[in-house]
Structure formats: structure tokens, C-alpha cells
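Here is a short report on one structure. Look at the sequence and the fold before reading on.

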Amino acid sequence: MPDWLLDLFARYGYAVVFFGVFLENTGLPVPGETALLAGAALSHFGRLELPWVVVTAVAGAVLGDNLGFLIGHHYGRGLIERYGSHVGLTAARLAEFDRFFLRHGGRTVFIARFITGLRVFGAMLAGASGLRWPTFLFYNAAGALSWSLAIAAAGYSLAYSWATLERWIGRSGLVGLALVVAIVVIGLLRRRKQDP
């Protein structure tokens, strides 16, 4: 484990997990998953308590995602409509995005939790899409609990091999992202074939 990370945990303990996960889920590209992995690994060596690491991560994830959702709900749509065309988000693509979230919003929120990159922006996208907050809250909390347990278990069980742990988590996130992109592209292609 890098010395800078050990130093952060020595100074701030559980706050590193909470703020790392919270800020990442708010929409900032902060290494929240790494903070959770490190906290779980340190609990293996008795420096932290694993149940508190998990509870802290769940709290950070749920609160961060809800703030990200509110930001997306209040400001995301306007920003997308104003600047989206500069990155290829035309009105037609935005309509497809809305239909996708209408049909698959809850599942998307849950699955985005496990995918590097989507975890950072998923809540904002859900808020910008108009997904209902109770639906978001349910799937977000379920995803946060599942993700926190899975990542903490990986961090705890692979604590002796930090390099293996980082490689395993990084690759699984990239594979998940590739799968989601493929599913979305296939769905969009099918929809275009169906629309006259």
C-alpha cells in the first residue's frame, strides 16, 4: 500500500473512507474505491474495524450520490441542453437517453455503482434524466450496500497483496464499463431499426 495512503489513514482513519467515497459519488474523480479497499485492508491488520469501514462507505456512497442526484436534477439538464451538442449530445440522443432512463433507470443506478467512471457520474445523470427520487434512493442504497460489502471483502481478503488487489479491481471496472457500453450501443442500434 502506498505510504501516502497509510499516512492519511493514520491521521484521519474512517474519515478517509467516508470523504473518499462521498466525493467520488458526488461527481468528483476522487479515488473513493481505493479508500474503501485500503480501509478494508487495514482492518485485516487490526488498524480499523471492518464493520465500521463498510458502514462508513455505505453512508458516504448514499449521501454523495444523493448530492450528485440533486446537482443533476437542478443543473444537469440545463447544462446538457446548453452544451451537449458540443460533445455529440443532440436533442435526438437526449430523447433516447431519457427513454433509456425511463425504462432502465433503477437498474442503471445499481449497476453504475460497480463500474469505474459511471460511479462518478451515474447519480448526476440519473438526476438530469428526471428519474424519480424514491426510485433512485432505493436502487442507490441497494447498490451502495452491495458495492461496499463486495469491495470491502476484496480489500480484506487480499490485504497482503495490494498490487494484485489494485489490478483486479481496475480490470473488473474496465470490463464492466465495456459491457455497459456494448449493451447501450446494441440497444440504440435495435431502437433505430425499429423506428421508421
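## Asn-66

Asn-66 counts as buried because its relative accessibility is 13%, and buried means under 20% relative accessible area, exposed over 50% and partly exposed in between, with a 1.4 Å probe and protein chains only. The model is predicted: local features need pLDDT of at least 70, side-chain atom pairs count only at pLDDT 80 or more, and totals for chains, interfaces and linings use all residues. Residues are numbered from 1 along each chain as its sequence is written, and side-chain values use heavy atoms, with hydrogens and water left out.

Asn-66 sits in helix H4 (residues 50-83); helices are DSSP runs (H or I, at least four residues), numbered from the N terminus. Its side chain reaches the backbone oxygen of Val-62 at 2.7 Å. Beyond neighbours within four places in sequence, Asn-66 is in contact (heavy atoms within 4.5 Å) with Trp-133, Phe-136, Leu-137 and Asn-140.

## Ala-142

Ala-142 belongs to helix H7 (residues 133-157). At 27% relative accessibility, Ala-142 counts as partly exposed. Ala-142 and Val-109 lie 33 residues apart in sequence, and 9.6 Å apart C-alpha to C-alpha.

## The cavity

H6 gives the most, with 4 residues.

Technical notes. Helix = DSSP H or I, 4+ residues; strand = E, 2+ residues; numbered from the N terminus. Polar contact = N/O pair within 3.5 Å; in protein donor to acceptor, adjacent residues only side chain to side chain.
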